[in-house]
Amino acid sequence: MSEQSAAGADGSGRPSGRLLEVDDLRVEFRTRDGVAKVINGVTYHVDAGETLAVLGESGSGKSVTAQTIMGILDTPPGFVTGGQVRFHGKDMLKMSSEQRRRIRGEGIAMIFQDSLSALNPVFTVGFQIAEQFRIRRGMSRSDAKKRAVEMLDQVKIPNAKGRYSNYPHQFSGGMRQRAMIAMSLALDPEVLIADEPTTALDVTVQAQIMDLLGELQRERQMGMILITHDLGVVADVADRIAVMYAGRIVEEADVYDLYAKPAHPYTLGLLNSIPRMDEKGQELRTIKGLPPNLMNIPPGCPFNPRCPMAQPVCREKVPPLLQIGSARASACHFAEELVNRD
Amino acid sequence: MTENIIEVRDLVKHYPVTRGIVFKKTIGQVKAVDGVSFELKAGETLGVVGESGCGKSTLARVLMNLERPTSGQVLYKGQDISKLSGGALRRLRRQIQLVMQDPYTSLNPRMTVGDLIGEPFEIHPEVAPRGSRRGKVKELLDLVGLNPEHINRYPHQFSGGQRQRIGIARALALRPEIIVCDEPVSALDVSIQAQVMNLLEKLQAEFGLSYVFIAHDLSVVRHLSDRVAVMYLGKMVEIGTEDEIYERPTHPYTQALLSAVPVPDPTLRDNKAIIRLTGDVPSPVSPPSGCRFRTRCWKAQDVCAQEVPLLQIRRGSDHPSACHFAERREIVPTHEAA
């Protein structure tokens with residue numbers, strides 16, 4: 001069954017015009033206990049200069065999609081069982097590992113949530129950045145060092161020259177995240193995947209890092225995929241949002257449309273269940289129940305056991321991600337009703 | 001309902017920094033909590049917010065009497081808990097319970113849910129005689145929204161949100177008066193977080209509990225708290241009712257903290273003034289002189305380096321603030337304003 005993103009069509013009808021496209025991607029994890037279907041037909045794309053936020057709770061498959069794009073999925077247990085990941089129109093899943101390596105860093109780069117474990121503790125921060133210039137650009141040691149200091153300066157690390165020879169543990173959490181941004185941007189990638197870049201940080205530092213990312217993205221006209229579970233961060237920076245649930249995109253829309261009128265009951269539930277600082281509400285309206293076990297996803301719509309709107313059809317037919325209106329899509333049998341209510 | 005159930009007076013907790021193995025030498029003090037005073041009234045929720053390293057978890061440990069304070073007092077109904085020992089301490093512990101942050105490490109993986117929740121009864125057999133314990137545990141499971149038939153399961157068979165419910169059931173077992181919640185929902189997903197918050201509210205209404213609710217998420221704290229205290233580097237910088245702190249904050253740190261919270265509404269994106277703090281929190285080993293926030297504060301003057309600002313009610317404000325230049329400023333965007 002095809003779950004083509006209708007929202008992505010955009011009238012152009014020219015699939016190769018996209019910078020990065022994930023098309024009907026399917027990934028499963030084969031474990032001792034059984035096969036977990038982690039990604040079940042994910043389709044999204046990102047263009048130069050735009051920010052796509054991929055929103056979802058733990059286990060929704062948002063990070064696994066990113067790992068598959070980067071080619072860093074642990075195999076085994078993870079296996080890609082279908083779909084394509086196209087960068088400039090070419091399917092990366094069919095490339096040799098040498099070709100993929102060339103794209104990593106220069107084409108697509110990634111920053112991770114936990115900067116302490118993503119950086120190598122036995123090399124200095126500066127060395128880890130300079131290494132890329134030496135190996136990928138063939139620079140001399142001293143030139144590479146000069147460029148690395150420039151990068152540290154660009155991510156606003158004070159006293160970049162002095163900090164070059166510090167080890168990761170000598171940096172604070174916010175500074176480490178800056179160093180990681182410097183490292184991922186060193187080779188001027190066209191797409192940056194940021195996997196929960198601020199989740200481990202305090203709010204005041206989070207604001208600094210999100211500002212920095214936004215600024216660098218504008219300067220370089222990068223495409224950015226921001227993976228997060230934080231509906232607040234998303235509202236501040238995203239252009240488009242793809243909401244994931246149980247390895248599927250359940251809704252995709254422009255950021256303003258999505259918050260104003262969610263077209264999927266899961267999105268609506270998420271928005272209702274966050275405590276808001278600007279509205280002291282009474283009881284939070286929660287989504288009942290738990291996310292499904294990926295080894296045993298319920299038949300029909302994966303959200304149906306938790307959905308307040310579920311009808312018999314939801315237990316039988318998987319709703320495809322269909323376009324509604326001009327630039328949004330929802331995978332709900334009753335999306336029209338949701339959008340058109342009151 | 002205005003009775004003070006806990007009073008904290010000038011609480012200080014320092015941890016020594018040592019060097020050497022055989023000849024240990026103290027070379028400094030981590031000033032985790034440095035002179036904090038507040039009270040908790042019966043039946044209320046006091047939220048404590050602050051960034052990592054501000055001393056909020058140390059405060060929880062001292063309140064639980066897991067750490068003895070360096071100086072100062074924690075009074076439970078007028079009785080200094082750090083002076084208690086033996087039976088008196090055990091009786092006190094019945095009244096103050098803790099819910100921890102990480103539901104994965106705070107439950108012993110080798111114990112069944114029944115044993116975990118029933119363990120408090122082993123220590124305090126007067127609460128539930130031996131024969132009635134299983135029944136009590138089942139009641140507790142039901143109370144926190146878990147299936148009582150799962151009493152023989154192990155923690156790994158539950159999801160994060162369910163484990164946190166087990167932690168809450170364990171804290172409730174002895175029918176305490178006070179529950180200290182140290183980041184109880186920060187490890188949970190949004191949809192699960194809301195379920196646990198609703199549960200905490202329901203239990204408070206049902207049993208008249210008092211909560212000390214420690215969290216870094218300001219929206220969560222606002223949702224649950226009656227009063228809120230803001231901490232920075234071991235000091236309390238502002239305290240007031242939920243309304244006073246969120247609608248009329250006067251301390252620059254509170255203002256910066258509130259302005260940095262992302263609001264889940266894209267239409268407010270452009271008309272939101274974020275106060276950008278530069279740099280990181282200084283080390284609690286050698287905090288700045290005078291006001292601890294001055295190194296990151298845009299209002300800092302010479303006096304801030306010399307004089308420690310006291311937490312007191314200042315001109316033009318209705319609640320205590322520890323800033324020489326406290327003034328009101330509108331931070332939290334409301335829908336009417338947008």
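Axes are lines fitted to C-alpha atoms, for helices over the stretch in contact, and angles run from 0 to 180 degrees between N-to-C directions. Helices are DSSP runs (H or I, at least four residues), numbered from the N terminus. Residues are numbered from 1 along each chain as its sequence is written, and chains are lettered from A and ligands numbered from 1 in the order in which they are written. The model is predicted: local features need pLDDT of at least 70, side-chain atom pairs count only at pLDDT 80 or more, and totals for chains, interfaces and linings use all residues.

The predictor assigns the complex an ipTM of 0.77 and a pTM of 0.84. Over residues 334-338 of chain B, pLDDT stays under 50. Where pLDDT is low, the predicted coordinates should not be read in detail.

The contact between the chains takes 35 residues from chain A and 37 residues from chain B. Two residues are in contact if their C-beta atoms, placed from the backbone, lie within 7 Å. On chain B, helices H6 (190-207), H7 (218-224) and H9 (252-260) each supply at least two residues of the side that touches chain A. H6(B) gives the most, with 7 residues. By class, this side of chain B has 18 nonpolar, 11 polar and 8 charged residues. Ala, Val, Leu, Ile, Met, Phe, Trp, Tyr, Cys and Pro count as nonpolar, Asp, Glu, Lys and Arg as charged, and the others, Gly among them, as polar.

Angles under 35 degrees count as roughly parallel, over 145 as roughly antiparallel, 65 to 115 as roughly perpendicular and the rest as oblique. In H8(A), A:Val203, A:Thr204, A:Gln206 and A:Ala207 meet B:Ala256, B:Leu257 and B:Ala260 of H9(B). This contact has 5 nonpolar, 2 polar and no charged residues.

Within chain A, the axes of helix H7 (residues 173-185) and H8(A) cross at roughly 15° and come within 10 Å. H7(A) is therefore roughly parallel to H8(A). Residues of H7(A) in the contact include A:Ile181 and A:Leu185. By class, the contact of H7(A) with H8(A) has 7 nonpolar, 4 polar and 1 charged residues.

Terms used:
pLDDT is the predictor's confidence in each residue, from 0 to 100.
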